[in-house]
Amino acid sequence: MSSNNSRLRRRALVLALSAVCLSGTALAAERVSTSGLGNNEPVDGFIVRYRDGSASKLSVATQQRSLDQAASTAFGRAKALTLKHERTLGIGAELVQTDRPLDRTEAETLMRQIATNPDVEFVEPNIRLYPNLTPNDAFFNLQYGFQSGVGGSNADQAWNLGFLGAGKIVAVIDTGYRPHIDLNANVINGYDFITNPAIGNDGNGRDASALDPGDWTTFVGQCYAGSPITNSSWHGTHVAGTVAAVTNNATGVAGMAFKAKVLAVRALGRCGGTLADIADAVTWSSGGVVAGVPAVGANKASVINMSLGGGGACAAASAMNVAINGAISRGTTVVVAAGNSNANVAGFTPASCPGPGVGTTNGLIVIGATDSAGVKASFSNFGAGVDVSAPGVKIASTLNAGTSVPGADNYVYYNGTSMSSPHVAGLAALIQSKPAVDCSPARVETLIKTWIKPFGVPAPAAGTMGTGIINAFTAVQNAPC
């Protein structure tokens with residue numbers, strides 16, 4: 001009888017241990033983000049966040065032993081891999097680099113091994129994000145986006161209220177900026193966060209110049225398998241002009257918040273920009289600390305604009321979302337382009353980031369694109385994650401004529417949610433410039449989403465393009481908070 005009891009106890013113990021192992025495996029899987037893994041783009045870096053107070057968080061040597069074990073388990077000697085701790089991000093996560101690029105399967109295998117360390121809070125690939133731009137060389141001498149037609153933002157009426165963005169700073173995290181006659185007076189040189197000189201295309205890594213040297217490519221496949229040859233986009237300069245081009249100067253174009261300043265922050269270059277660099281740019285622009293980078297100081301942004309994105313859902317436990325949450329906690333409203341794939345925004349970063357997670361109005365505003373008739377732009381992403389829409393088709397703004405290296409100043413019409421987002425970032429600056437204590441980011445979002453114009457006909461399906469088209473006049477009129 002005692003022998004049977006002993007066998008039953010041993011069997012129960014084995015079952016219990018098996019349950020614990022399965023539970024641990026499931027928990028490890030939950031800490032791995034694979035949605036950003038593309039089929040074409042190789043991965044050569046990962047972002048790993050360790051739990052506060054854990055042995056791995058407190059010791060780089062402990063981190064390294066765990067990483068070495070993960071690489072050995074994942075690949076063995078046949079496909080040996082070396083992992084190196086590159087730096088600590090402003091959000092407190094670690095950037096880990098590989099000594100060779102990994103394909104999708106290898107990257108997923110390695111992340112699952114890294115996540116078996118119980119100290120790991122999350123691990124994700126250091127993916128690249130790209131400007132949300134659909135270029136169009138058509139030129140029309142009309143900025144309907146700031147006017148009062150069915151598809152406009154009513155900015156022309158809002159300006160008559162006299163609150164034009166004075167004293168507010170909008171960080172444009174993008175390709176940097178080019179000096180431009182219609183922009184110079186309103187631009188603050190921020191910082192270049194691009195660490196990889198090949199992406200930076202300026203001969204070095206991070207530095208104090210946010211000037212855009214150009215992001216042209218020279219051969220097919222330079223960025224990823226099948227990627228096309230492209231001219232320089234000067235994307236950040238175009239976005240900056242929509243936010244705050246110099247206005248009433250008898251030259252060029254107007255800007256939404258033309259008495260505000262644009263803090264030019266460079267995080268996108270040739271072939272886009274990495275998640276790690278962009279997350280650091282978000283942290284720094286909002287007044288957070290990034291090791292090795294001088295503090296933003298008095299140039300801290302009231303609003304951040306990110307006209308950029310990449311494939312893959314953005315989880316609550318992810319580098320981008322943690323960076324966004326940090327910015328919002330420091331009082332900075334974050335405005336993000338929905339993306340240009342005519343797809344559900346839920347599959348794109350940073351547009352699908354949940355933000356602080358307090359309802360759907362929390363200071364992170366995701367923007368869809370409409371045209372001059374107030375209907376959904378054919379390219380615009382959509383879905384429940386879109387908060388509001390703004391003009392994004394045939395948007396005229398400041399640019400540079402150089403096809404590769406910089407050339408002369410010019411003006412070009414672009415299409416994209418990249419063009420919609422700065423309309424809203426500029427509107428946030430107008431709201432904040434009324435003489436009162438600054439609204440919280442959540443309150444700014446509430447004002448923008450509440451005081452809107454109806455869509456044109458045919459209207460998009462309810463809940464797919466946000467609450468409506470922005471109405472700068474009524475939003476500013478009903479501020480401050």
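Student: Is helix H7 mostly covered or mostly open, and how many of its residues are buried?

Tutor: A residue is buried under 20% relative accessible area, exposed over 50% and partly exposed in between, with a 1.4 Å probe and protein chains only. Helices are DSSP runs of H or I with at least four residues, strands are runs of E with at least two, and both are numbered from the N terminus. Helix H7 (residues 235-244) is mostly covered, with ten of its ten residues buried. Among them are His235, His238 and Val243. This is a predicted model, in which local features need pLDDT of at least 70 and side-chain atom pairs count only at pLDDT 80 or more, while totals for chains, interfaces and linings use all residues. Residues are numbered from 1 along each chain as its sequence is written, and side-chain values use heavy atoms, leaving out hydrogens and water.

Student: Where does proline 435 lie, and is proline 435 buried or exposed?

Tutor: Proline 435 belongs to the loop between helix H10 (417-432) and helix H11 (441-450). Its relative accessible area is 71%, so proline 435 is exposed. Asparagine 196, in the loop between strand S8 (187-192) and helix H6 (197-200), has 31% relative accessibility and therefore counts as partly exposed.

Student: At what angle do H8 and H9 pack?

Tutor: Axes are lines fitted to C-alpha atoms, for helices over the stretch in contact, and angles run from 0 to 180 degrees between N-to-C directions. Helix H8 (residues 275-285) and helix H9 (residues 319-329) pack at about 5 degrees, with axes 8 Å apart. H8 and H9 are therefore roughly parallel, a term for angles under 35 degrees.

Student: Which residues of H8 and H9 meet?

Tutor: Contact means heavy atoms within 4.5 Å. Leu275, Ile278, Ala279, Val282 and Thr283 in H8 meet Ala319, Met320, Ala323, Ile324 and Ala327 in H9.

Student: How many aromatic pairs does the structure hold?

Tutor: Rings of Phe, Tyr and Trp (its six-membered ring) pair if their centres lie within 6.5 Å. The structure holds five aromatic pairs, and ring pairs link Phe146, Trp159 and Phe258 into a cluster.

Student: Which ring does the charged end of arginine 100 sit over?

Tutor: A charge sits over a ring if NZ of Lys or CZ of Arg is within 6 Å of the ring centre and within 35 degrees of the ring normal. The charged end of arginine 100 sits over the ring of phenylalanine 75, 5.4 Å from its centre. Arginine 270 lies over the face of tryptophan 216, 4.8 Å from the ring centre.

Notes:
Rings of Phe, Tyr and Trp (its six-membered ring) pair if their centres lie within 6.5 Å; planes under 30 degrees apart count as stacked, over 60 as edge-to-face and the rest as tilted. Angles under 35 degrees count as roughly parallel, over 145 as roughly antiparallel, 65 to 115 as roughly perpendicular and the rest as oblique.
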